[in-house]
Amino acid sequence: MSFASPLFLWIFLPLVLGAILLAPRPWRNGIVAVSSLIFYAVGAGPTTLLLLLTMAVNFVAGQNLEPDEWALAARRKRITLISVITFNVASLVVWKYFGFLTEQLNGFAQLFGGDFPITHLVLPIGISFYTFHNISYVVDIYRGERPALRQPVSYVTYISMFPQLVAGPIVRYREIADQLPQERTHRLDDIAAGFPRFALGLCKKVIIADSLSPLVEACFSTPGDEMTFAIAWLGAITYTLQLYFDFSGYSDMAIGLGRMLGFRLPENFARPYSSVTVTEFWRRWHMSLSRWFRDYVYIPLGGNRHGAARTYRNLFIVFVLTGFWHGANWTYLVWGLYHGALLIIERGFHKDTSPVSTGHRTARRALTLALVVVGWVFFRSTDLPQALTMIGHMLLPDFTGLTDVVGQAFTNQRLIILLCAVAIVFLPAHPVTGPLLESSRSKPATILRATVMTVGLLYAAILVATGTFSPFLYYQF
């Protein structure tokens, strides 16, 4: 069930919010938990059983991981932690990467004239996200940062909360633990505060991202012998914008929905395309993923505390995992390695922390954006040959222009949307639109809120009603 579907907008969400408003306050975690499992089951079908199994294992494990002042049974707790993390990672690896592994084994077997059966499992929706939530839960308990939850309903609410279940933001347990047992008040105020943020995300997704989708598809599906400099750059730039407005739109909708339910979910984007270094880009793009890898992988590996060589190794490991976390394809690994290499180069030349003068800021921002755009070609391409073909044409100017297929997809309406998206991207780095819209009472925020809630929301609703919406891009992860 998509946030941008009529079923969700006009049936599911009103019923949930109505129940939240009318039911006694102590019932709200139960309402969120049940509605979230229904939401997930509609799209995931039988793989909902895997979600339930992983929740049961981690909830039980969490009861046995809390530290005590005498450090009793420390070894047993450590073994329990390692075992439950192994279970979580194994579940993710089997369901997400088994088909990829059998493909590689088949390719290796064919070198020797043999054959290995290729088996693809149905990928459970959101498995990458709820696996990271489960790991965060048990690790934060083991570290003593938050106590284990005693009520299963509260745990199910955290893991399966439908705003963030299938595509984030990734909510670390310590970020939400204090909100779970609270009796949330001011329910109408929460809905009033969260709905404009939800509406902003819906406009980003339906009006901009979905409008650009056919143009992206036309560019990236162009055969290699018909690819041109113009098509390659048009496809790369358009996908850069589509992905940002699609995923940041989802995050805005998730944060807005969470607020309407009485929860404050973490921010996930902070105008990333305004960054002047790739290091800064990763502080602004998918921030919840960056924070998760920092807290549960990078810092435990030693972070930057043991010299340059160990720091570079740790960055390399993190971005290999970041690449493969996104999908079972060599293109994601190359994309992760590409960004890891850029971060290592910046750190090696001290460009990650060096001040940027006003005169150099525009040039640095343009260079960073160009590097990010090239990286997105790997991320979007179906395989490495397609990515290398597009990047090759991006580096070799020609005057061939667009093919008929791309030209037909490049309508006047999409040109206007593309120009508007570019204009939005090139706005100053601050303020960030989402938090401004949700919390500020300034005149610009009020005007923006009124525009989104009237013109934007009405246009988005018309597009949804006509069936022009598409699944969120991060649903596949």
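Colleague: Which residue just after α9 takes a positive phi?
Modeller: That is G262, with a phi of about 100°. Keep in mind that this is a predicted model, where local features need pLDDT of at least 70, side-chain atom pairs count only at pLDDT 80 or more, and totals for chains, interfaces and linings use all residues. Residues are numbered from 1 along each chain as its sequence is written, and side-chain values use heavy atoms, with hydrogens and water left out.

Colleague: Thanks! How many residues does α9 have?
Modeller: Helix α9 covers residues 229-260, which is 32 residues. Helices here are DSSP runs (H or I, at least four residues), numbered from the N terminus. From first C-alpha to last, α9 reaches 46 Å, close to the 46 Å expected at 1.5 Å a residue; the expected span is 1.5 Å times one less than the number of residues.

Colleague: And how many of the residues of α9 are buried?
Modeller: 28 of the 32, so α9 is largely enclosed by the rest of the structure. Buried means under 20% relative accessible area, exposed over 50%, and partly exposed in between (1.4 Å probe, protein chains only).

Colleague: Where is H286 found?
Modeller: H286 is in the loop between α10 and α11. Its phi is positive too, near 40°, and H286 is a residue other than glycine. With 0% relative accessibility, H286 counts as buried.

Colleague: Switching to α3, which of its residues are buried?
Modeller: Among them are L50, L51, M55 and F59. Looking down the axis of α3, the buried residues fall within an arc of 165° (taken from the directions from the helix axis to the C-beta atoms), so they line one face of the helix.

Colleague: Which exposed residues are on the face turned away from the buried side of α3?
Modeller: L49 and V60.

Colleague: And what covers the buried residues of α3?
Modeller: The cover includes α2, α4, α5 and α6, where contact means heavy atoms within 4.5 Å.

Colleague: Last one: which helix gives the most to the nonpolar patch?
Modeller: That is α1, with four residues. Helix α2 supplies at least two residues as well.
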